[in-house]
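Here is a short report on the aromatic side chains of one model, with a few overall figures to finish. Have a look at the structure first.

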Amino acid sequence: MKKTFILGVSLLFLCCTKGQWTKNQNWGNALGTTYSIIYISDGELDYQQEIDSVFQVVNQSMSTYIPTSDISKINAGDSTIVVDEMFREVFEISNKVHKASNGYFDPTVGVLANAWGFGPGEQLELDSLRVDSLLAYVGWDKVAINKDNTIFKAHPAIRFDFNAVAKGYAIDRLGAMLDAKGIKNYLVEVGGEVLAKGTNLVSEKQWTVGIDDPQVEEGRQLKQIVSLKDRAMASSGNYRKFRVDPETGKKYVHTINPKTGYTKSSNVLATSVVANTCALADAFATTFMAMDLEESQKILGEHGELEAYIIYLDEEGNVQEFFTPGFESLVLHQ
């Protein structure tokens, strides 16, 4: 369920200092994408070192692209690794979303992500027999955390892939770091996922973010602008990240259905989810890409803490939009 493309989110803010408030900003590259962190204070601050530290420890725990990370060693068959608290938290978040989604969210799809060409491992030539054989190594019921904090895998070939939740979790950790520093107003954005706390005291307005139009393949055009306060938002889309078989020309999108083993081709173009934590928003945004709209609507009806915006194609191929009432209330109408 690797997310190598996130539906773009544009940050909208004023680059100035107003009155007694100072807008501090750090930006750069991390987790295979870009980040921008804005935090308001009564004087100049620079938390670059602390920000780098958060990214470093998250990578060391859960990056499948770092051979020496804990998750890479576990995937390679090392059963002696004692996982840290971050790994445990992401494991438990994954368990929650797995249950809520009736199994559509499953971070044991790592072996499939590799096979389809969306992971760090070897891409394979796949047919129905090969996919069926790989499904033997997929299943959340086949893994667990032991009492000594080592990982149980029913088969050594099982591969974890937390990429659909780890980015959101890293944002939550960055927010926790700023909370611990006494910062009450900030906007954290990593690869299009955002966490907003308080307000933009410099502009005396709420934090606002823009959601890209999924049908604009070149450049960027905003589809919606929303305001956020003390909430997180994550987005996902298949419209730009895909792989084309050079021989057949067939298009494979990067969302994998863990039930079938195949990459998902659906009428859903893009999803945005608002939740109390970015890890949950991240996980559900990916999950809704793997589900039909009606299934996503059912989950949203059962989980009032989630708000969602889903762009999809109807039976005639026309673009349609679904909003939960709570998400629609966040939209700024121009």
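## Ground rules

A residue is called buried if its relative accessible area is under 20%, exposed if over 50%, and partly exposed in between, with a 1.4 Å probe and protein chains only. This is a predicted model, where local features need pLDDT of at least 70, side-chain atom pairs count only at pLDDT 80 or more, and totals for chains, interfaces and linings use all residues. Residues are numbered from 1 along each chain as its sequence is written, and side-chain values use heavy atoms, leaving out hydrogens and water.

Trp140 and Phe160 are both buried. Their rings form an edge-to-face pair, 6.3 Å centre to centre with 85° between the planes. (Rings of Phe, Tyr and Trp, the last by its six-membered ring, pair if their centres lie within 6.5 Å; planes under 30 degrees apart are stacked, over 60 edge-to-face, the rest tilted.)

Trp140 sits in the loop between α5 (128–134) and β4 (143–145), and Phe160 in the loop between β5 (151–153) and α6 (166–180), so the pair ties together parts 20 residues apart in sequence. Helices (H or I, at least four residues) and strands (E, at least two) are DSSP runs, numbered from the N terminus. The whole structure has 13 aromatic pairs.

## The overall picture

The protein has nine helices and 15 strands. Of its 334 residues, 57% count as buried.
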